[in-house]
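Subject: Structure handover

Hello,

Please find the structure below. My notes on it follow.

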Amino acid sequence: MSTEEKRPLEFENISNSEIRAKWGLPDDISPYEVNLEELNPANNDWFGKNLDLEVFKRLREESPVHFTSDSQAGSYWSVTKYEDIKAIDMDHKRFSSDIMNGGIRLGGQPMSEPPDAIFHLPMFIMQDQPKHTDQRKVVAPMFTGSHLENFEDLIRSRTKKVLDDLPDGEHFNWVDKVSIELTSRMLATLFDVPQEDRLKLIHWSDTVERITDPDFFETPEEGFQELWKCFEYFNAIWEDRKAKGGDGNDLISMLARGESTRDMTPNEFLGNVILLIVAGNDTTRNSMSAGIKAFNQYPEQLAKVQNNKELINNMVSEIIRWQSPVGHMCRTAMEDVELHGKTIKKWDKVAIWYTSGNRDDDKFIEPHKLDIEREDARQHLSFGFGIHRCLGNRLADLQLKILWEEILDRFTSIEIAGDVKYLNSSFIRGITDLPVVAHRK
Ligand code: HEM
């Protein structure tokens with residue numbers, strides 16, 4: 001594959017600093033002070049300031065199907081109740097994920113012509129049937145229960161090592177030393193690339209979240225250019241594995257063999273690689289961090305699992321519900337749809353807010369509380385529903401289960417010892433800094 005003569009961006013010529021100057025929220029704002037009609041839940045600042053749950057509480061109460069007419073992401077609907085979110089997620093015929101209709105993330109993807117522009121990155125999460133399903137099938141064998149069993153010992157030995165190496169009695173950032181460390185090692189294994197390169201994968205995954213962040217890139221175009229370095233890296237591996245007959249058991253060999261993926265354009269190749277990196281990284285990482293935060297807030301729940309390790313499986317689901325590592329998915333309406341007296345017009349953008357549905361008290365009892373014995377914890381929305389339901393959900397559950405088994409064997413508590421900082425993104429609901437002290441048994 002060649003990337004020569006990639007076309008630069010041909011859409012909105014506005015810098016990231018200009019976007020921040022126009023849409024940035026003041027420090028002391030409350031979601032209840034904003035006029036309801038102007039409330040823009042997709043403003044990343046709500047998430048960076050850890051106020052997003054209040055925004056959604058208000059929307060569920062006052063406007064569960066809500067239209068924002070003007071935002072950094074244009075106009076869009078917000079759907080915030082559990083049952084409505086699930087219904088839309090499962091209705092893939094009327095609600096498209098196709099990149100050509102705008103893709104799955106608010107403001108993340110302009111309607112894309114020409115198809116070889118650097119920002120145009122088709123990936124199967126941004127395809128409708130049949131292409132979505134054909135390409136998903138190519139990598140699905142990596143994530144079956146029986147295949148994942150092969151990884152169990154490796155995940156456990158790495159987890160033990162990472163936890164054993166943590167500093168004693170000193171402050172450290174759990175995100176860097178544990179969450180990133182473990183997810184990056186797993187990703188390098190799935191792609192079968194050298195472990196020394198694992199932080200490159202994290203860098204490209206983080207780049208996706210930073211494309212519109214003026215602290216990192218002045219324009220989105222600069223961010224996309226950085227992302228194309230990921231193409232150079234993986235293209236060399238692709239050529240090498242193709243030359244060897246593509247018979248490996250890693251994700252790149254699977255893509256090289258697959259009938260619907262072996263002739264991908266450079267843009268599509270990069271798109272699918274980025275999907276597999278981001279999907280398995282940010283999400284699991286933030287669930288690993290969220291558990292620590294949750295038990296600091298609900299120490300009696302930690303005591304329960306310390307006394308009964310059989311609760312770990314359900315506890316993992318509950319942590320993933322509580323955190324909701326993916327804030328939203330976006331869809332495009334393919335026809336007019338009536339929902340609770342509102343008309344979503346054909347071509348309108350619709351954000352389904354998993355973060356909100358997971359805190360809906362019509363579905364979950366005391367939804368803001370971490371309750372590791374919650375009977376319906378597994379019904380959380382965090383992995384989505386329908387044809388795009390998270391392909392890696394079993395792997396995420398397995399990584400978290402092993403992590404918690406090993407934490408409980410070693411530590412009496414992991415105490416938060418400083419200010420927690422949050423990712424400025426309405427797409428990935430993340431924690432960037434989690435200063436802790438680990439108390440060994
Ligand atoms: C706690 C961890 C995780 C969470 C919360 C999560 C969440 C999600 C969500 C919300 C979707 C979209 C669902 C929809 O549109 O209905 C998704 C899709 C996907 N996830 Fe995950 N994910 C996690 C871990 C992983 C891991 C570890 C991998 C693989 C390494 C992975 C790979 C994927 C892929 C490939 C898709 C696209 C599926 C499709 O379009 O058919 N995820 N994930």
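There are 13 aromatic pairs in the structure, where rings of Phe, Tyr and Trp (its six-membered ring) pair if their centres lie within 6.5 Å, and planes under 30 degrees apart are stacked, over 60 edge-to-face and the rest tilted. One of them joins Phe67 and Trp77, with centres 4.9 Å apart and planes at 55°, so the pair is tilted. Phe67 sits in strand E1 (residues 65-68) and Trp77 in strand E2 (residues 76-79), so this pair ties together parts ten residues apart in sequence. Strands (E, at least two residues) and helices (H or I, at least four) are DSSP runs, numbered from the N terminus.

This is a predicted model: local features need pLDDT of at least 70, side-chain atom pairs pLDDT 80 or more, while totals for chains, interfaces and linings use all residues. Residues are numbered from 1 along each chain as its sequence is written, and side-chain values use heavy atoms, without hydrogens and water.

Phe67 is partly exposed at 34% relative accessibility, whereas Trp77 is buried at 7% (buried is under 20% relative accessible area, exposed over 50%, partly exposed in between; 1.4 Å probe, protein chains only).

A further tilted pair is Trp204 with Tyr233, at 5.6 Å centre to centre and 50° between the planes. Trp204 belongs to helix H9 and Tyr233 to helix H10 (residues 220-243), 29 residues apart. Both Trp204 and Tyr233 are buried. Together with Phe191 and Phe234, they form one aromatic cluster.

Asn173, in strand E4 (residues 172-173), is buried at 17% relative accessible area.

Regards
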